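Please look over the model shown here before reading on. The report below goes through its parts in turn.

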Amino acid sequence: MSDITSRIVRYGELSPCKTAFIDAHTPGSDQKENFTIIGGGVSESPDQHVHIRETPGFNIGAAGQPPKCRNSLHSHTTAEVFFVLKGRWRFFWGRHGTAGEFIAEEGDIFNIPTGIFRGFENVGTDYGMIMAILGGDDAGGGVTWAPQVIEEARAHGLVLGNNGMLYDSKKGETLPEGVAPMPLLSEEELKAFPEVPVERVVRDYVARYWDLMALAADKPARVIGPDALLKDRPGFEVEFLTRGSVADEMAARDKHTVLMPVRGHWKLRHEGGETVLNPGDTCLLNPGEIHAIAPSMTGEASLYRVTATDDPAGSTWVG
């Protein structure tokens, strides 16, 4: 069993990929950075750096973008959960991104329904970062792009092969023998992608930071799970912790667990010693590892805790 500290990825040491997806050359999307923290994620580029390859049944990633930079419309077959670490973000969805939208502030979390086209944009005034939890060891096997995204990308030199890999004509790359361009979805196929009304999305799939701070005053707030605030079974559960949520006592959990601080500094004690987790850090705990987590300083402190479950990764569950 490796030491816990070998499974901590520090925010300041994250290694970005600027060519992870098909819209990497498309104006308005060409400044985004993709981070693959735990697991292979859904990157379409061989340049993507993976910090921890071991997957606990789900993937952890992040997206960093300067103001006015957007991530183009795409769909997933398994869960894609975002919480805002830094900045102010507009999430939008639908075939043309016009079915609905809302603004997410720091600490807010969004369990995006599977099977819908979604995108997001940094509408803040500084570089922003959103952290992601993706369902499944292979994060659903990739993404499906809205047809206009593929067409726009081709006009700017990037071609997506039907093998899921990107080829950059600006670098002289061509599709290998036997690999065809990724086909565009037909109008008939597009009918399978729902236009979810905004009132349903905000009600069933969004949890606000300050509401979670109130709910987690004296016990962990259950955020995503079959009996949680946002009801789903994506192959993992999400809890929100604050200063009064847990006792500073050594204990072990029987499933893989990921700790992701939002605000404040958290002391992690374990059998090999202790360390401090800071906002944006990610820590993977193996089953059976004895540890304790508690704020290390006074002031505001909050943390998302993600725990693997035995549920298979798949479509959004409706109980």
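The model is a predicted one.

**The helix H1**

Helix H1 spans residues 147–155, and its buried residues are Pro 147, Gln 148, Val 149, Ile 150 and Ala 153. After H1 comes Gly 157, which has a positive phi, near 100 degrees.

**The nonpolar cores**

The largest nonpolar core has 36 residues. Which of them touch the most other members? They are Ile 109, Val 223, Val 238, Phe 240 and Tyr 304. Leaving aside residues up to four places away in sequence, the contacts of Ile 109 include Val 81, Phe 82, Phe 83, Tyr 205, Leu 212, Val 223, Val 238 and Tyr 304. Another core, of 20 residues, lies apart from the largest one, and among its members are Phe 21, Ala 139, Val 149 and Leu 166. Val 149 is also one of the buried residues of H1.

**An open sheet**

An open sheet is formed by 7 strands, in the order S1-S22-S19-S24-S18-S16-S17, with mixed pairing. At its edges are S1 (8–9) and S17 (230–231), each of which pairs on one side only. In general, strands of a sheet pair through backbone hydrogen bonds, either parallel or antiparallel. S16 (residues 221–225) and S17 run parallel and are joined by 2 bridges. Within this pair, Ile 224 has Leu 230 of S17 as its bridge partner.

**A loop residue with positive phi**

Most residues other than glycine have a negative phi. Lys 68 has a positive phi, near 70 degrees, although Lys 68 is not a glycine. This residue sits in the loop between strand S4 (58–65) and S5. Is Lys 68 buried or exposed? Its relative accessibility is 70%, so Lys 68 counts as exposed, because the cut-off for exposed is over 50%.

**Salt bridges**

The structure holds 22 salt bridges.

| Pair | Distance, N to O |
|---|---|
| Glu 121 and Arg 70 | 3.6 Å |
| Arg 233 and Asp 311 | 3.3 Å |
| Glu 300 and Arg 263 | 2.8 Å |

In the salt bridge between Glu 121 and Arg 70, the partners come from distant parts of the chain, 51 residues apart: Glu 121 is in strand S10 (residues 118–122) and Arg 70 in strand S5. Glu 121 counts as buried because its relative accessibility is 13%, whereas Arg 70 is partly exposed, at 33%.

Arg 233 and Asp 311 also meet in a salt bridge. Arg 233 lies in the loop between S17 and strand S18 (236–242), and Asp 311 in the segment after strand S24 (302–308), so this pair ties together parts that are 78 residues apart in sequence. Arg 233 is partly exposed, with 33% relative accessible area, and Asp 311 is partly exposed at 22%.

Glu 300 forms its salt bridge with Arg 263. Glu 300 is in the loop between strand S23 (291–295) and S24, while Arg 263 is in strand S19 (residues 257–263), 37 residues apart. Glu 300 is partly exposed at 34%, and Arg 263 is partly exposed at 23%. Elsewhere, salt bridges with shared partners join Arg 70, Arg 90, Glu 101 and Glu 121 into one network.

Definitions and conventions. Residues are numbered from 1 along each chain as its sequence is written. This is a predicted model: local features need pLDDT of at least 70, side-chain atom pairs count only at pLDDT 80 or more; totals for chains, interfaces and linings use all residues. Side-chain values use heavy atoms; hydrogens and water are left out. Buried means under 20% relative accessible area, exposed over 50%, partly exposed in between (1.4 Å probe, protein chains only). Helices (H or I, at least four residues) and strands (E, at least two) are DSSP runs, numbered from the N terminus. A nonpolar core is a set of buried Ala, Val, Leu, Ile, Met, Phe, Trp, Tyr and Cys residues joined through side-chain atoms within 4.5 Å. Contact means heavy atoms within 4.5 Å. Two strands pair if DSSP finds at least two bridges between them. A salt bridge is a side-chain nitrogen of Lys or Arg within 4 Å of a carboxyl oxygen of Asp or Glu.
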